[in-house]
Amino acid sequence: MAFSFFKNSLRNESISLLVDIGSASVGAALVKLEKGKPPHILATVRENISFQEVLSSGHFLIAMNHSLDKVLKNIQLKTKSTGHPLHIFCTLSSPWFILKSRHLLISRQEEFEVTERTLDEFINDDIERLKDELKETLPPKDVKIIEKKIIQIKLNGYEIKNPYGQKTSQVELLMTVGVSSKKVVESIERKIGNVFHAKEVNFGAFPIAAFSAIRDIFPTEKNFLFLDITGEATDVSLVSNDILMGTVSFSRGKNFFIREISTELRTVHEEAATLFAMFLRNELDSAKSVQIAKIIKRAENEWFIRFEKAISTL
């Protein structure tokens, strides 16, 4: 991280910068946080990521960073009236993260005391196994753990809130691990550091943040499915008994429909996007509407096939 040239006295400790990295856009918000009060949004900025005719991880990363750079410079202008943020949080949506649910079990003949060190060693061993499992997707050296969240702990089969200092012969953990590419995370840190000279950027996976928000809005709902459909991907998350059980992503979002229209009609993506929007608003003439409807129906069928497959793996 870049050295902070701002003195702490120049920073408003109640202000945080929230950065949202999606697959179609990048957003940022300055939020005032005060104890006992709801968050107050002071300013927001959002910039679309340039449409990718053909998806390439390298070109996509460059396009995302270009949009992030614009967003950070625009939101920095807002700090003249709000003050500089002390804390910076960044959520990643697909395809910038992988979220894995892990079910861990320690079982020993003799009772042992549960300590932070015991659990840390247990979790770190499992993360090494996870890196090996992901090696076809991410080389182990490029794996960056952005989030580790223990969802549930059981000692000898009984759920417990604070296990430390307890003696047991069996520990069972349900946890969620958020993974990203070290290259992606470091590129985001550099961009933010160049503009805000941040000491630390706290990263997280969007489904976990979304789950927390949904749970606060609908506190009586304990079992549900929620989807985050973005430009290039769809994230499907399952919540059971008020626990985020898992998230599965597949590479089909809004831009997939636009590419299908563009390919079928042999036109540029700008025109395809316009036709798609006009179709949704029922603004096309009957002949063109029928033509677009056929393309969308085929794309819908492919999306549903992938959605059903995602559901079956949760």
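**Entry 1: the model**
I am working from a predicted model, so I keep that in mind throughout.

**Entry 2: strand 11**
I began with strand 11, which covers residues 234-240. Buried here stands for under 20% relative accessible area.

**Entry 3: the strand 10 side**
Next I looked up how strand 10 (residues 224-229) meets strand 11. The two pair in the antiparallel sense, over 6 bridges. I229 stands opposite T234 of strand 11, a handy pair to click on if you want to follow along. Between strand 10 and strand 11 I find 4 residues, and the two strands form a hairpin.

**Entry 4: the strand 12 side**
Then I turned to strand 12, residues 243-250. How many bridges join it to strand 11? I noted 7, again in the antiparallel sense. Across this pairing, V236 stands opposite V248 of strand 12. Strands 11 and 12 also make a hairpin, with 2 residues between them.

**Entry 5: the largest pocket**
Strand 12 came up again when I moved on to pockets. The largest pocket has a volume of about 1,100 Å³, and 38 residues line it. Nearest its centre I found P95, W96, F97, I98 and T137. Which element gives the most to this lining? It is strand 12, with 6 residues. Helix 1 (57-82), strand 5 (98-113), strand 8 (167-181), helix 3 (182-196) and helix 7 (286-313) are among the elements that each supply at least two. By class, I wrote down 19 nonpolar, 13 polar and 6 charged residues for the lining of the largest pocket.

**Entry 6: the second largest pocket**
For the second largest pocket I have a volume of about 590 Å³ and a lining of 23 residues. L18, V19, F89, T91 and A209 lie nearest the centre of this pocket. Helix 4 (206-217) is one of the elements that supply at least two lining residues, and helix 4 gives the most, with 5. Strand 1 (11-21), strand 2 (25-32), strand 3 (40-48), strand 4 (84-92) and strand 9 (202-205) also each supply at least two. I sorted the lining of the second largest pocket into 13 nonpolar, 6 polar and 4 charged residues.

How values were computed. Residues are numbered from 1 along each chain as its sequence is written. This is a predicted model: local features need pLDDT of at least 70, side-chain atom pairs count only at pLDDT 80 or more; totals for chains, interfaces and linings use all residues. Side-chain values use heavy atoms; hydrogens and water are left out. Buried means under 20% relative accessible area, exposed over 50%, partly exposed in between (1.4 Å probe, protein chains only). Two strands pair if DSSP finds at least two bridges between them. On a 1 Å grid over the protein atoms alone, a cavity is a set of points where a 1.4 Å probe fits but cannot get out, and a pocket is an open set with protein on both sides within 12 Å along at least five of seven lines; lining residues have an atom within 4 Å of a point. Grid points are joined across faces, edges and corners, and a volume is the space filled by probe spheres set on the points. Ala, Val, Leu, Ile, Met, Phe, Trp, Tyr, Cys and Pro count as nonpolar, Asp, Glu, Lys and Arg as charged, and the others, Gly among them, as polar.
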